[in-house]
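Please open the structure in your viewer and keep the selection tool at hand.

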Amino acid sequence: MTAKRFLSNALLALILATSLPAQAGAVADSVAIADSASQIPNAPLSAHTDTVAPTRQYINHITKRINFWNSLIPNLSHLQYAGGIGMISMGMGWDYGKHNQWETFLIFGITPRNHTPRTYVTMAVKEMFTPWDVKVWRHVEISPLFASFTISTLLDGEFWVKNPERYPSGYYSFSTKTRLHLGIGQKIKLKNIQHKSHFVKHLALFYEVSTCDLYLINKIRNRSIPTKDIICLAIGIQATFF
């Protein structure tokens, strides 16, 4: 048993003695390969991850589309008392033109029941043109004159655009539902106050004197109607947000 154990240990020692140098060489080779690989510069990204610069035509096209959608965002608000489109009316709008002299508003007005047989709601599209402004002090400007044109309609089935069938043709020569308004007025503006207000860039107070197509027709047909009876006075406030 002792001889057998001696021979087994000797054989195992011989095997280990012959295999260790080979393993050490393999490890050294692996280390050398890793060191050489670390010296190789990073390979470029694969083709499918490379970015290509867009063309100028593409950039111009996208810019125009972005500007178009941005232009649809209202940047004005309008609050008005009286003026022929409701006792109280409010809406939103847009300004445009070289000097933002044109303004278009979509306005909804309401006339309470205690002023009429029932409560009426009016929808109006109002166009305002301000040809020039005069600066009077730091952030204060005056618009000596603005002109307006408004189309309004009553949101009520009691009124009509064309004569109902119960009336003879031509019985009424005008629409009871839709009105056309012409007006002039003045504004006083607080400009560039965004450093004091977190929400408003410009603020304007205005008054407007206007009339409508029905009043003018009645005045032409009946000269005895006092001029003051065909005039509507409105006061209001406008805010520009950006």
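Begin by selecting Lys-189, which is buried, with a relative accessible area of 12%; buried means under 20% relative accessible area, exposed over 50%, and partly exposed in between (1.4 Å probe, protein chains only). This is a predicted model, in which local features need pLDDT of at least 70 and side-chain atom pairs count only at pLDDT 80 or more, while totals for chains, interfaces and linings use all residues. Residues are numbered from 1 along each chain as its sequence is written, and side-chain values use heavy atoms, with hydrogens and water left out.

**Salt bridges**

Lys-189 belongs to strand β7 (residues 178-190), whereas Asp-133 is placed in the loop between β4 and β5, and the two are 56 residues apart. Helices (H or I, at least four residues) and strands (E, at least two) are DSSP runs, numbered from the N terminus. Asp-133 counts as partly exposed because its relative accessibility is 34%.

Next, select Arg-179 and Asp-213, whose side chains meet in a salt bridge (2.8 Å, N to O). Arg-179 is in strand β7 and Asp-213 in helix α3 (residues 213-221), so that this pair links distant parts of the chain, 34 residues apart. Arg-179 is buried, with a relative accessible area of 13%, and Asp-213 is partly exposed at 23%.

Then select Lys-126 and Glu-208, another salt bridge, at 2.9 Å from N to O. Here strand β4 (residues 120-129) supplies Lys-126 and strand β8 (residues 202-212) supplies Glu-208, 82 residues apart. Are these residues buried or exposed? Both Lys-126 and Glu-208 are buried. The structure has 7 salt bridges by this rule.

**Aromatic rings**

The next selections concern rings. The structure holds 3 aromatic pairs; rings of Phe, Tyr and Trp (its six-membered ring) pair if their centres lie within 6.5 Å, and planes under 30 degrees apart count as stacked, over 60 as edge-to-face and the rest as tilted. One of the pairs is Phe-68 with Trp-69, which is edge-to-face, with 5.4 Å between the centres and 70 degrees between the planes. Phe-68 is partly exposed at 46% relative accessible area, and Trp-69 is exposed at 54%.

Move on to Trp-102 and Phe-129, a tilted pair with 4.5 Å from centre to centre and 35 degrees between the planes. Trp-102 lies in strand β3 (residues 102-111) and Phe-129 in strand β4, so the pair ties together parts that are 27 residues apart in sequence. Trp-102 is partly exposed at 34% relative accessibility, and Phe-129 is partly exposed at 29%.

Now select Phe-146 and Lys-187: Lys-187 lies over the face of Phe-146, at 5.5 Å from the ring centre. A charge sits over a ring if NZ of Lys or CZ of Arg is within 6 Å of the ring centre and within 35 degrees of the ring normal. Arg-138 lies over the face of Trp-137, at 5.8 Å from the ring centre.

**A buried serine**

Finally, select Ser-89 in strand β2 (residues 88-96). Ser-89 counts as buried because its relative accessibility is 0%. Leaving aside residues up to four places away in sequence, Ser-89 touches His-78, Leu-79, Gln-80, Ile-107, Phe-108 and Gly-109, where contact means heavy atoms within 4.5 Å.

Note on methods: A salt bridge is a side-chain nitrogen of Lys or Arg within 4 Å of a carboxyl oxygen of Asp or Glu.
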